Amino acid sequence: MDYKIAVVDDDYSSQNNLLEFLGKYSEGNKVFFKTSVFNDGDELLDSYKCQYDIVFMDIEMVRCDGMTAAMKIREIDKETEIIFITNSPNYAIDGYKVGAFSYLVKPLKYFVFQTELRRALVEANKAKNQYIIISMINNSIKVALDDIYYIESYMHKLIYHTTAGDYEVYGTMKEIEKKLSDSSFVRSNSGYIVNLKYIDSIKGDTIFVRDVELKISRSKKNAVMDKLLSYYSRKLY
């Protein structure tokens, strides 16, 4: 399994210590880390595209401290695991505000580091198949699959209708259908992919999702009904 890791620390000795520990863990546990290193919170934010599974974040940095950077990250990314690296445990209460996974106090000890990293990887692995990254012109946003009502195709664009609003991007239904093939979504016709969770009812050739009427094509009707039945059967057990 491959994981993307960000190390954000303005102290080079701390950076090297983290990289050494990550390398040791990788070798001993047969996992691969693609690691990016940043010298300050603003460097991370400048290139942030919701791409990291875990972010190791120093709190006390000169230009943009770790807590500020974490708050900015949470505006677009609710899923990445943030592990704060700090000289003092006094920041722990503030960390709950940004959903920090845990804290590591400097100087780091490998036993403690590997224990927290292992726990974070378990959570990151759970999350991998539970969200999708929507890449727009100026930024990207990570959206939980459970928060998507349905996806609409219109004029070479995809419109994600979600609990937080609509997101419009360029893309094809074929691409997104492939990404969602193992999830609780079904293609109802050439223009819609629907989250089974939000189907209120089906009447004739119409699906009702949150008071919106979506058509089912004749060729898709059996597949929609079969997948909906399977979805609710799983919910019962």
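Analyst: Lys and Arg count as positive and Asp and Glu as negative, with His and the chain ends not counted; a charge is placed at NZ of Lys, CZ of Arg, CG of Asp or CD of Glu. Before we apply that: this is a predicted model, where local features need pLDDT of at least 70 and side-chain atom pairs count only at pLDDT 80 or more, while totals for chains, interfaces and linings use all residues. Residues are numbered from 1 along each chain as its sequence is written, and side-chain values use heavy atoms, leaving out hydrogens and water.

User: OK, how many positive and negative side chains does the chain have?

Analyst: It has 32 positive and 34 negative ones, and the centres of the two sets lie 7 Å apart.

User: And how many helices and strands are there?

Analyst: These are DSSP runs numbered from the N terminus: H or I of at least four residues for helices, E of at least two for strands. Here you get seven helices and 15 strands, on a C-alpha trace spanning about 65 × 35 × 30 Å along its principal axes.

User: In what order do the five strands of the open sheet run?

Analyst: Two strands pair if DSSP finds at least two bridges between them. The order is β10-β9-β8-β12-β11, with antiparallel pairing. From one strand to the next, the twist averages 20°, using lines fitted to C-alpha atoms and angles from 0 to 180 degrees between N-to-C directions. Zoom in on β8 (residues 148-154) and β12 (residues 192-195): three bridges join them, and Glu152 has Tyr192 of β12 as its bridge partner.

User: Is Asp9 buried or exposed?

Analyst: Buried means under 20% relative accessible area, exposed over 50%, partly exposed in between (1.4 Å probe, protein chains only). Asp9 counts as buried because its relative accessibility is 0%. Asp9 sits in the loop between β1 (2-8) and α1 (12-29). Beyond four places in sequence, its contacts (heavy atoms within 4.5 Å) include Asp58 and Lys106. Across the chain, buried residues make up 46% of the 237.

User: Where is Leu104 found?

Analyst: Leu104 lies in strand β5 (residues 102-105), and it counts as buried because its relative accessibility is 2%. Leaving aside neighbours within four places, Leu104 touches Phe56, Ile83, Phe84, Ile85, Thr86, Val112, Phe113 and Glu116. C-alpha to C-alpha, Leu104 is 8.6 Å from Asn87, which is 17 residues away in sequence. For the chain overall, 54% of contacts between residues at least 6 apart in sequence join residues at least 24 apart.
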